[in-house]
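Subject: Structure handover

Hi,

Here is the structure I promised to pass on. My notes on what turned up in it follow below.

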Amino acid sequence: MFILLSLTACFETNLNAVEEELCEPQDWFVDADGDGYAACEECDDANVNVSPDAEEFCDGIDNDCNGFVDEDTALDASTWYADTDSDGYGDPDNTAPGCEAPSGYLDNDQDCDDSTADINPSATELCNSLDDDCNGAVDDNAADALTWYTDADADSYGNPDSSVQ
């Protein structure tokens, strides 16, 4: 079924096309996909989901007929996180939208300090007044923690049964 649309709208849209013979005059007013736009007004008259009113999606198609495919503003675009220290963990405060990850961006936001590759969720916690493993606690269960023994009697010898790290 074909729908015929306004002669004025398509005439103005295709005035240059007639001169360049890009489309046949009988095709100007046909709306083959029934989306309310004639072939001369949209970029794919065979797909009802493609028209100037359509939302852009990350699907390899110019859904909204603006000349661009899968723009960063696509309805289902992902949020990507910068990984400036290249440790494999993204910065939750440095993001970019897009259908595909921009160079240097990841799909996770787990890095608590993206300026240092040694600080990330898989790092070993050390006694250095930093949260090396991004768990929200500083120097907890540190690999290099010393063991201290209680010396209740002040004889300079600790009790092996009473210690802290």
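This is a predicted model: local features need pLDDT of at least 70, side-chain atom pairs count only at pLDDT 80 or more; totals for chains, interfaces and linings use all residues.

Where does D91 lie? D91 is in the loop between strand 1 and strand 2. I'll come back to that residue once the background is out of the way.

Residues are numbered from 1 along each chain as its sequence is written, and side-chain values use heavy atoms, with hydrogens and water left out.

**The overall picture**

The protein has two helices and five strands. Reading from the N terminus, the order is α-α-β-β-β-β-β.

Of the 165 residues, 30% are buried. Here buried means under 20% relative accessible area, exposed means over 50%, and partly exposed is in between, with a 1.4 Å probe and protein chains only. The protein exposes about 10600 Å², and carbon and sulfur atoms supply 49% of that. Those areas come from the Shrake-Rupley method with a 1.4 Å probe; for residues, only the protein chains shown count as cover.

As for contacts (heavy atoms within 4.5 Å), take the ones between residues at least 6 apart in sequence: 22% of them join residues at least 24 apart.

Three strands make an open sheet in the order 2-1-3, with antiparallel pairing. Strand 2 (95–98) and strand 3 (105–106) are the edge strands, each pairing on one side only. Two strands pair if DSSP finds at least two bridges between them. Strand 1 and strand 3 are joined by two bridges, and Y81 has L106 in strand 3 as its bridge partner.

S78 sits in strand 1. S78 counts as partly exposed because its relative accessible area is 31%. Leaving aside residues up to four places away in sequence, S78 touches A96, P97 and G98.

T150 has N159 in strand 5 as its bridge partner. Strand 5 is hardly covered: the count of buried residues among its six is zero. V164 belongs to strand 5 (residues 159–164) and counts as exposed because its relative accessibility is 54%.

Why is D91 classed as buried? Because its relative accessibility is 17%. Leaving out residues up to four places away in sequence, D91 touches Y81, A82, D111 and D114. A polar atom of the D91 side chain lies 2.8 Å from the backbone nitrogen of D93. The C-alpha atoms of D91 and L106, 15 residues apart along the chain, are separated by 8.9 Å.

**The loop between helix 2 and strand 1**

N47 is in the loop between helix 2 (15–20) and strand 1 (78–82). A polar atom of the N47 side chain lies 2.9 Å from the backbone nitrogen of N49. With residues up to four places away in sequence left out, N47 touches D33, D35 and E42.

C65 lies in that loop too, and its phi is near 55°, a positive value in a residue other than glycine. D70 is also placed in the loop between helix 2 and strand 1, and phi of D70 is near 55°. Most residues other than glycine have a negative phi. D70 is partly exposed, with a relative accessible area of 23%.

Over to you!

Terms used. Helices (H or I, at least four residues) and strands (E, at least two) are DSSP runs, numbered from the N terminus. A polar contact is a pair of N or O atoms within 3.5 Å; within protein, one must be able to donate a hydrogen and the other to accept it, and residues adjacent in sequence count only if both atoms are side-chain atoms.
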